[in-house]
Amino acid sequence: MKNLTFILIFFVGVYFSAHAQDKPQEKKHYNAVRIENAPSIDGNLDDEAWLHNNWEGGFIQHEPYENRPPSQPTEFKICFDDIHLYVAIKAYDSAPDSITNRMSRRDNGEGDMIFIIFDSYHDLRTGFVYGVSSAGVRFDMIMSNDGQNEDTSWDPIWQAKAKVHEWGWAAEMKIPFTQLRFQKSSDEVWGIIVARQIFRHEEMSLWPAIPRDAPGIVHLAGELGGLQEVEPRKQFDITPYGVASYNTYEPEEGNPFKTGSDPKFKAGLDAKIGVTNNLTMDLTLLPDFGQVEADPSEVNLTAFETFFEEKRPFFIEGSNITSFNVGLGDGDVGNDNLFYSRRIGRRPHGYPSFENNEYADVPAFTNILGAAKLTGKTKNGISVGFIESVTAEVKANIDSLGQRSTQVIEPLSNYSLARVQKDFNKGNTIIGGAVTNTIRRLDGTDMDYLHKNATTAGIDFEQYFKEKHYMLSISGYLSHVEGSEEAITRTQMSSARYYQRPDADHVELDEDRTSLSGFGGKIQAGKIGGKWNFLFMSNLKSPGLEINDMGYQREADQMLNVLWTGYNFTEPFSIFRSLNLNNDAFIVNDFGGNLQGIGYEWNVNADFKNFWSGGTGGGFGWLNRSNTMLRGGPTMYMPDTWRYRIFVSTDDRKKVSLFAGTFLNGMAEDVSFNISYDMGITLRPLNTLTISINPNYSVRKDEFQYVSRQSMNDDDRYIFGKIDQKVLSMSLRINYNITPDLTIQYWGQPFIATGEYSNFKMITDPKAEEFSDRYHEYTPEQITLEDEYYGIDEDTDGTYDYGIGIPDFNVDEWLSNLVIRWEFLPGSTAYLVWSQSRDFYSPVGEFAFCDNMQKLFTDKKANNVFLVKLSYRFGLR
């Protein structure tokens, strides 16, 4: 009752403070003019077209000092004809030899830059960003949610050129109306923001002025008029592609599938079709993502799936529309989403079974037969995102003394997503919903352990008050999965919920079920504008919630409540350019009302006047109870936890910049201590060349690393060991940009991870008052190391009662990717790719860097993939 009273008082306070409305300021206005002769896009500004209309100035400094005149003036001019919008920028500079001309790949945004943001929907929430650097490098992205979300994967077809003059530098842009979303209206205006970045001063100036502590930027844009009679135009691009690849690797004697080399050829088609000017259909048939960088190496010793970022362009673009986030904040808790696109084209669920004299050819990924995506926003303010994708049935080929057979390791599957949002009241009220569905054809596959049908559905509501300084966000969602008794039993027993826990009186394992349903919800309310901000956040997930067929979910059976507050110093003072302070307190329960833990976190992040930056932070956790520690066993009480981090980075404008940071965490009772060191050096010997080296070294000593579950006398034994784990990795990146459209990128990563186990123990009383009474460490008389396992004689009667495998490990990997990319025509690209991977494994947990590296590079031949990909865009409109 006390909690309910507190929440009601909190919302009443938010409501009344939010309704003390400020009078909105009058917006700046600029009119574009029609021209007859199009200008040449060369950065000279000497065309007859630029004699029309007025040059608009009046920029105001945004960073580092708000509402001050900028150090250098800027002017812009906008014209148009029936097909294109033209933008000219004069970026005056009293020291033109100090302009930073960094050549980089598209969307990197380095050096002196100009950006123009069009809210062509004029929904006060969405911005189409076009930018160009003084070196002529283009930058483009879509802003959504009033600028809170950014999608840099969006690559429209447009042109831009820049040139340095004796008075500064100039930029010209040519943007087809097919690359903008708008409706023809006699009284409508667009939103517009023009920004200039002076890199050497880290200065940003804007037209119009926007406060740094504003809760968003798109709703504060100026107005662009004069375009009322422009006819919207639909995009229609078809881009066929072809890929030729050659794979070399270590041959395996007698294995007909591993002869040492595999040539392949593949062709497909991508298309982008304007259904209306506001809605775009993206199609892909037999897509190929061979140029995409591999995921970083890892050793995951937890019971939970690792979250990997999406890197495939088809699924990244428009992800701001298709996302339905059900997590809170950053990190593990923040990744939960009804749509996790990495499910489509994933690694197969199954693996073939075969005898010692048999060989198998096992595909690494599922082929996507085709996918369609419809995204955009209607004239009525309805944002839509629809995705439909079909992945092929995947079969492993088995060879048995020349006789061939196949085994299905991934069924034919269909993935569907529908996401809709409608905004009202000038973008201050948003109502939306989402539905996902996964259907698998399991008949005849022997894969009845998978869900046959999985559906999720959710609704969300957002309300903003007082010029969007205050907000209330509520969402709720449901899940329903169907399958065989085996499939639903596996779901109930999965690490997300562990229905089989013997002390969980609010859930019960039912092995006869053929379906499982669950629900979740999230609420956020507070102040998000101004220097001082606060939020109350609550997130709940019922035990039966299961969204992992098409989404991502780490844990269910959880209720998380967070109270956060932060303060931003946006104006420079003392040694700081800006300073940010944050802290929060949280409490976690399961659905049985059992406390899982309480905690406190804090962090400080600063930018300094010498252009360095740094930060520190930490946290504490108390009354920790884990429902997952014993992986299906009873709840275990754990000691208090702590964590601390600190980092510093030098001036990234320099030719040499450095980064260093460390993260420490541990548990009381000397249970665990972990420390990680992150370092980095970035070299820029030329404006066209960037080299970065980022090594990481971590040491983890944990007395309670899960090893196995065994049985004795019909009683479970939960066995843990002390692990001494060391991980060393290093990321090397080299970017050489010959022109904005011709780039060479290299990435390489060596990875060494070792784990050595000792001090094996079993859990005896996981809820004992004293921590030392919760476990028993095996004595030398009880545990014996044999050749390939540990034998355990628990009752010391001279006979092994059970055993465990030797868990020590040494995992070494090398991943690298060299990509030469040439956009020889707008939207038409050629790739030359060389990917290499190496791996080495040993069941010995000793960390020996030189020995590990030698074995990694000499034990066997590397796996090399040489690939050529050519795509050609046919723009039919």
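Predicted model: local features only at pLDDT ≥ 70, side-chain atom pairs only at ≥ 80, totals over all residues.
## Surface patches and a buried aspartate

D670 has a relative accessibility of 71%, so it counts as exposed, because the cut-off for exposed is over 50%.

The surface also carries a nonpolar patch, built from Y246, W834 and F866. Together these three residues have about 290 Å² of accessible area. W834 belongs to strand β46, which covers residues 828-842. With a relative accessible area of 31%, W834 is partly exposed.

Now for another aspartate: is D237 buried or exposed? The answer is buried, because its relative accessibility is 5% and the cut-off for buried is under 20%. D237 sits in strand β15, residues 236-248. Its side chain makes polar contacts with the side chains of Q235 and R873, as listed here:

| Side chain | Polar contact with side chain of | Distance |
|---|---|---|
| D237 | Q235 | 2.7 Å |
| D237 | R873 | 3.1 Å |

To put the two aspartates side by side: D670 is exposed at 71% relative accessibility, whereas D237 is buried at 5%.

Conventions
Residues numbered from 1 in each chain as written. Heavy atoms only, no water. Helix = DSSP H or I, 4+ residues; strand = E, 2+ residues; numbered from the N terminus. Buried < 20%, exposed > 50% of the residue type's maximum accessible area, 1.4 Å probe, protein only. Polar contact = N/O pair within 3.5 Å; in protein donor to acceptor, adjacent residues only side chain to side chain. Patch = residues over 30% accessible without salt bridge, like charges linked within 9 Å, V, L, I, M, F, W, Y side chains within 5 Å. Areas by Shrake-Rupley, 256 points an atom, 1.4 Å probe, with all protein chains shown as cover. Salt bridge = Lys/Arg side-chain N within 4 Å of Asp/Glu carboxyl O.
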